Amino acid sequence: LTIHSSKDYRLPESDGIAVFHALQQLGVPSRLLIFPDENHWVINAGNSLKWHHEVFRWFDQFIGLS
């Protein structure tokens with residue numbers, strides 16, 4: 001699971017996309033989640049809910065937490 005925010009000036013958005021593409025090329029199960037209106041931290045309430053949903057879904061898929 002690669003999560004990136006478009007306004008995160010610490011890491012270019014292209015880095016997150018490159019990681020995702022590399023994982024895809026290697027056949028690693030992967031997802032890319034981009035928040036276009038967030039910075040380094042996901043602060044918007046709706047985006048935060050989406051972030052938590054995706055992270056917990058990923059955990060459940062690979063380690064079966066639920």
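Modeller: The chain has an accessible surface of about 4700 Å², and carbon and sulfur atoms hold 61% of that area (Shrake-Rupley method, 1.4 Å probe; for residues, only the protein chains shown count as cover). This is a predicted model, in which local features need pLDDT of at least 70 and side-chain atom pairs pLDDT 80 or more, while totals for chains, interfaces and linings use all residues. Numbering starts from 1 along each chain as its sequence is written, and side-chain values use heavy atoms, without hydrogens or water.

Of the 66 residues in the chain, 21% are buried (under 20% relative accessible area, 1.4 Å probe, protein chains only). The C-alpha atoms fill a box of roughly 30 × 30 × 15 Å along the principal axes. There are 2 helices and 2 strands (DSSP runs: H or I of at least four residues, E of at least two), in the order β-α-β-α from the N terminus.

The part to look at is Asp 8, in the loop that runs between β1 (2-5) and α1 (13-25). Asp 8 is buried but has no salt bridge (a side-chain nitrogen of Lys or Arg within 4 Å of a carboxyl oxygen of Asp or Glu).

Leaving aside residues up to four places away in sequence, Asp 8 touches Glu 38, Asn 39 and His 40 (heavy atoms within 4.5 Å). With His 40, the side chains make a polar contact at 2.8 Å (N or O atoms within 3.5 Å, one able to donate a hydrogen and the other to accept it; sequence neighbours count only through side-chain atoms). Across the chain, 54% of the contacts with a separation of 6 or more join residues 24 or more positions apart.

Technical notes: Buried < 20%, exposed > 50% of the residue type's maximum accessible area, 1.4 Å probe, protein only. Lys, Arg positive; Asp, Glu negative; His and termini not counted.
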